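Hi,

Here is the structure I promised to send over. Have a look at it first, and then read on for what turned up.

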Amino acid sequence: MIGPERSLGRITYPWSGLAVSLPVCALMGALTALAFAPYFVLPLVLVGFAAFALFIRHCGGSGAALLIGWGFGIGQFLVGLRWISESFFVDAVRFGALAWPAVLGLSGFLALFPAFAAAATRYLGGRGPIAFLMFPGFWTLAEMARGVLFTGFPWNLTGYVWGFSDATLQPMSAIGVHGVGFVTVMICMVPLALAERYRLRPWAFAVTILVVPMIGAGFFWAFGAVRLANAETAGDAGPWIRVVQPNIPQDQKWDPDAATRHLRKLHDLSTSAAPERSRVVIWPETAYPYLYSDDVSFPEALLGSIPEDGLLLFGAVRASPGETAEVGGLLNSLLAVDHTGKVVADYDKIRLVPFGEFTPLKGFPGIAKLTAGDIDYVPGSDSSPLTLPALPPFRVLICYEAIFPSPKVNEERWLLNVTNDAWFGLSAGPYQHFLSARVRSIEAGLPMIRTANSGISAVVDGYGRIQQMLPLAAEGVFDTSLPSPIPQRTLYSKLGDMPTLIVVGILIAVGMTFRRKSQARRDELQADP
């Protein structure tokens, strides 16, 4: 149990047991979720993490910390991921009743990662002020683990709270989203550590908790402002590209009676009047309204959408090679077709969405796929950049793949993200997804073209700045030339997350050393008669 009261500096706070700390920490987690897109209420990050750290430090032990960490995670994920419920109402008759139970179950599972961070902080940091400085390291390790374990789900990482400004996003180019998240949580902890170290009076603590975050935010902005002011805008590379956003409702997307109409809409958008017709046309994820097969010719509407001596790139579902769709699984693919109707390149999605594209634990009773059809998708095997006539080499990111930090840059010169966020309507989900994609451009220093069925479609330069955009829930096209990558490789593309891991490791090691010394001194005092 937590004692009747604890102190922070010269400020005394009342603390109660889990009956109070658990719901309060859940509320703090919910508040931090409002700092993510599209809300960006940044001060709530400070409030939420500072209160959470105080509860961790003053709780009864690592077991209690585990529970309040789980409560914090439940609150953060329930609010931050509530948009997932929208997808269940696309087929409300079959899945509507599962909407909130599924979101609650996912949140409860993901909350295990904050629970680990809290328990590790309390166990190794104890009740001393060093716990405040160890917590950012364990929180960062937990977020990294969340992006890797059980196929990974690195959605709404802490660093994304800086997405309200092009300038404040620029540190991603140096230390990536995990490094920015680590610094963000550290900014929230420094006022607490200073209050403990110098026994600050209430007025001094109030000043500190305002000034320190302002300095941190000012540093983020200043770094980005200088970087953008010195940005080298090299000439555009490659041919003109047309981005098509058809805005086909998800509940109509796979209606066989509407397939011809959908394909005609894509054709009309692809060939609509323009000063100069683009040589490359890009359609969204799964835009082709039929199951693709090598044995069946493309419909006339698709062939008529391909520019003369140009290319059409589009998303399609196809059977795994050598198998039938009913037996061997499906592939979520991007196909590149030339003006003769020949598929000249393809890419198969590697990172699949659990329960949307494949079913974990499929043999267990009650476990089912939550999207149309009972056949699971299977992952592709080749992530090599695509090279096509008249286009610089590029890396393909299909939908979900854009949320995974990836510092690796080979010979690719740009990124292509095709997606279908129509599942999530006008919720926060598409905005959060688009921000993740922009951050991938900043980390790699590569421009991105993003084509989404219902939005947000855009062209983004290597600094993450939006050059053109089609908003959510709109139908339309835009023509663009491809921005060049930034002239020098980013530090993150060279070193990845290694600098962040080194700093986190040093911080945790120093914290453990200090705690051992403090414990040894206490033992000596107790043993001294």
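Gln76, Phe77, Phe113, Pro114, Trp139, Ala142, Glu143 and Arg146 line the largest cavity. A cavity here is a set of points on a 1 Å grid over the protein atoms alone where a 1.4 Å probe fits but cannot get out, and lining residues have an atom within 4 Å of a point. This cavity holds about 40 Å³ of space, and there are 2 cavities of 30 Å³ or more. Volume means the space filled by probe spheres set on the points, which are joined across faces, edges and corners. Helices H3 (62-80), H7 (112-125) and H8 (130-146) each give two or more residues to the lining of the largest cavity, with the largest share, 4 residues, coming from H8. Helices (H or I, at least four residues) and strands (E, at least two) are DSSP runs numbered from the N terminus.

Before going further, please note that this is a predicted model: local features need pLDDT of at least 70 and side-chain atom pairs count only at pLDDT 80 or more, while totals for chains, interfaces and linings use all residues. Residues are numbered from 1 along each chain as its sequence is written, and side-chain values use heavy atoms, with hydrogens and water left out.

Helix H3 also contains Trp70. Trp70 is partly exposed, with a relative accessible area of 35%; buried is under 20%, exposed is over 50% and partly exposed is in between (1.4 Å probe, protein chains only). Beyond its neighbours within four places in sequence, Trp70 is in contact (heavy atoms within 4.5 Å) with Gly108, Ala111, Leu112 and Ala115. From Trp70 to Phe113 it is 43 residues in sequence and 7.8 Å in space, C-alpha to C-alpha.

The largest nonpolar core has 58 residues, and Phe49, Phe52, Phe135, Trp139, Met189 and Leu192 have the most contacts inside it. Such a core is a set of buried Ala, Val, Leu, Ile, Met, Phe, Trp, Tyr and Cys residues joined through side-chain atoms within 4.5 Å. Helix H10 (residues 172-198) gives the most to this core, with 12 residues. Another core, of 25 residues, lies apart from it and includes Ile241, Leu386, Val396 and Val459.

Helix H2 (residues 43-58) is worth a look too. Of its 16 residues, 14 are buried, so H2 is largely enclosed by the rest of the structure.

Happy browsing, and do write back with any questions!

Conventions. 1 Å grid on protein atoms, 1.4 Å probe; cavity = no way out; pocket = protein on both sides within 12 Å on 5 of 7 lines; lining within 4 Å.
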